[in-house]
Amino acid sequence: MSFFSPITERSPVVRFIFTSIYGLLVLGALTMIVPLLVTITGSMSGTYDARTLSFFPRFLAGEEALWGRYLEERFGGNINSYKMAFDDPNVDFYQPTYPIKEASPEAMKLWKEFRAESGPLKPDDAGLAFTKSAKTMGPALENRLYRKWALAQFGDSLDKANQALSTQFARATSIVPPVQNAVLAVEMKSPLSENFDQYLSTVPESRRLFWDVGNFYRTVYLPRIFETVGKYNEAQGTQYASFSEIPFPSTMPETGGNTWFGFVQRILSPTFVQFTPEGEAAFQSANQQDGINRIDFIRLQSKPEHLRVDSIDIRFTEWAAARGVTEARIPSLTLAWQDFVENKGFWRKQFATQNYVEVIDEVMIQGNGLKNTLILIVLSVGGALTVNPLAAYALSRYKLPQSYHILLFFLATIAFPPEVSMIPNFLQLKELGLLNTFGALVLPSLVNGFSIFLLKGFFDSLPRELYEAADIDGASEWQIFWGITMNLSKPILAVIALGAFTSAYGAFFFALILAPDPEMWTLMVWIYQLRQEASQGVVYASVLLTAVPTLIIYLCAQNVILRGIVVPTEK
């Protein structure tokens, strides 16, 4: 019934009241919708997206945002690799140039001819794109693909993989590619790096990062030493307009030779450094006299005339020079742009789902979290639908003089928060030897005072004539309990079951205390551990995924649940 008559509803005051009420309702709805949109957007975000607040994943609709996300993922958040590909010391992941200025068709044709003649890439020519060195940086496409490939080599056994690769990965999802033999990496071989080199041979060239030593020298090293090209010109007596114009030959140049030698001797990975004939003779002599190894000789005793650089960018420059093209450089950025343009749909799907895939891999592959949670839910729901109805039935069916006191005792148990009883429960279960068992997880919550109170009130509302008729017909107590009481109490039992489900499914702190063994961790404990070492996007994805089972249960049982809420009030 309306509070206002049809005539009163037309007055300005009443209309203002209605408008205010609906405005408050809309505002209340927004307080729920906005956090949900932020969570959904965050669950698809990476490092690039996380800096901008948005209610919709920008890369799904805007190509410029997709290009920015692509670059951040391709170079694994490594700004030095990004500068090396761009040949520009001033580039920034978060302000990408879109669209880029592509290399000329002649330059692309020259590069394709060089690659056709030079054969397959070696591990020292190019690393792996779309990979990240730590889980805190977020998931990466090639991290997951390499993990699957590596485990497949050892029958999907983590123990065998650790033994063969001389590693100590605690979980399969902890497997990440080793520190790659990049421009600054130390030359070091291990079973893991050798296994990774085998994987590199299976990766398409579009997902490789070329180690362009010359570009690294121009865009990373020189700006750190000289800050501006003007200071470089002043020190070297040159007149370059930008760092990108400075050449990087295989041997020490006449201009800027000391700077070149300092970079090659002390900074550049020995993987890219070779000896000239004179240098080889000097190294052999030093090795025989002092036992010095190759790396120490380069770092400590070598001279400029002893060293030469051998990298794919220098080989390409020299190959092109022999064909009359001077200063040819690897078109790394154009190659990345072409891969992006040709596979926009794939990358949108990849970026939208990779955080969810990471959470599912962590939950499905690691330990027994999913299995333990399912067992706990079954035991908890089964116990709640057995013990509580039996206690409530006894109090309702048999009018004991102490029923009120018993019921008050049950209700008193819900007057204290669970944290109060945590220590006594822990000590008691420890004395019984039940820690790290399902008994420890189920027994403390098997009896619920509020559930017994709720069930007793519902049982009391059932017609007494049904019980009298059953007694006259000779039905046993079990038949009366199961055939009449339980059969007529489905709505309220659904509410009790739902409460037991949400309690068991969401168990975290108590579950971690009572079952600290990783083999007994439940789903929420696994998710918590994941959040300690995961990126923000993965955390958002885990929040949404863990909410899905509860949502499904509510949607599937909403009619029964509503009956459980409405029927007792009508009774």
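**Surface, fold and side-chain contacts of the predicted chain**

The chain exposes about 29,900 Å², of which carbon and sulfur atoms supply 61%; accessible areas come from the Shrake-Rupley method with a 1.4 Å probe, and for residues only the protein chains shown count as cover. The model is predicted, so local features need pLDDT of at least 70 and side-chain atom pairs count only at pLDDT 80 or more, whereas totals for chains, interfaces and linings use all residues. Residues are numbered from 1 along each chain as its sequence is written, and side-chain values use heavy atoms, with hydrogens and water left out.

The chain has 30 helices and 4 strands, both taken as DSSP runs numbered from the N terminus (helices H or I, at least four residues; strands E, at least two). Its radius of gyration is 35 Å, well over the 25 Å that the globule rule gives for 571 residues, so the chain is more spread out than a compact globule. The radius is taken over C-alpha atoms, and the rule is 2.2 Å times the number of residues to the power 0.38. Along the principal axes, the C-alpha atoms fill a box of roughly 110 × 75 × 40 Å. Buried residues make up 44% of the 571 residues; buried means under 20% relative accessible area, exposed over 50%, and partly exposed in between (1.4 Å probe, protein chains only). Of the contacts with a separation of 6 or more, 74% are between residues 24 or more positions apart, a contact being heavy atoms within 4.5 Å.

The largest nonpolar core has 76 residues, and Trp 67, Tyr 70 and Leu 71 have the most contacts inside it. Helix 26 (residues 490-505) gives the most to this core, with 9 residues. A second, separate core of 31 residues includes Tyr 221, Val 264, Phe 297 and Ile 314. A core is here a set of buried Ala, Val, Leu, Ile, Met, Phe, Trp, Tyr and Cys residues joined through side-chain atoms within 4.5 Å. In soluble globular proteins, nonpolar side chains tend to be buried together. When residues up to four places away in sequence are not counted, Trp 67 touches Pro 96, Thr 97, Tyr 98, Ile 100, Leu 333, Ala 336, Trp 337 and Phe 340.

Tyr 146 is found in helix 7 (residues 141-152) and counts as buried, at 0% relative accessibility. Leaving aside neighbours within four places in sequence, Tyr 146 is in contact with Ile 175, Val 176, Pro 177, Leu 192, Asn 195, Phe 196 and Tyr 199. Tyr 146 and Ile 406 are 260 residues apart in sequence, and their C-alpha atoms are 62 Å apart in space.

Helix 1 (residues 12-43) contains Ile 33, and Thr 39 is also found in helix 1. Thr 39 is buried, with a relative accessible area of 17%, and touches Tyr 540, Val 543 and Leu 544, again not counting residues up to four places away in sequence. Ile 33, at 42% relative accessibility, counts as partly exposed. Ile 33 belongs to a nonpolar surface patch of about 980 Å², which is made by Leu 24, Val 26, Leu 27, Leu 30, Met 32, Ile 33, Val 34, Leu 37, Leu 53 and Phe 55. Patches are made of residues with over 30% relative accessible area and no salt bridge; like charges are joined within 9 Å, and nonpolar side chains (Val, Leu, Ile, Met, Phe, Trp, Tyr) within 5 Å.

A search of the whole structure finds 15 salt bridges, each defined as a side-chain nitrogen of Lys or Arg within 4 Å of a carboxyl oxygen of Asp or Glu. In one of them, the side chains of Arg 323 and Glu 117 meet at 3.4 Å, N to O. Arg 323 lies in the loop between helix 15 (312-321) and helix 16 (332-342) and Glu 117 in helix 6 (residues 105-118), so the pair ties together parts that are 206 residues apart in sequence. Arg 323 is partly exposed, with a relative accessible area of 43%, whereas Glu 117 is exposed, at 54%.

Another salt bridge joins Glu 327 and Arg 329, with the closest N and O atoms 3.5 Å apart. Glu 327 counts as partly exposed at 47% relative accessibility, as does Arg 329 with a relative accessible area of 25%. Lys 456 and Asp 460 form a salt bridge at 2.7 Å, N to O. Lys 456 is buried, with a relative accessible area of 13%, and Asp 460 is partly exposed, at 32%. These two residues are 4 residues apart in helix 23 (residues 449-460) and are therefore separated by about one helical turn. Salt bridges that share partners also join Asp 87, Arg 218, Glu 327 and Arg 329 into one network.
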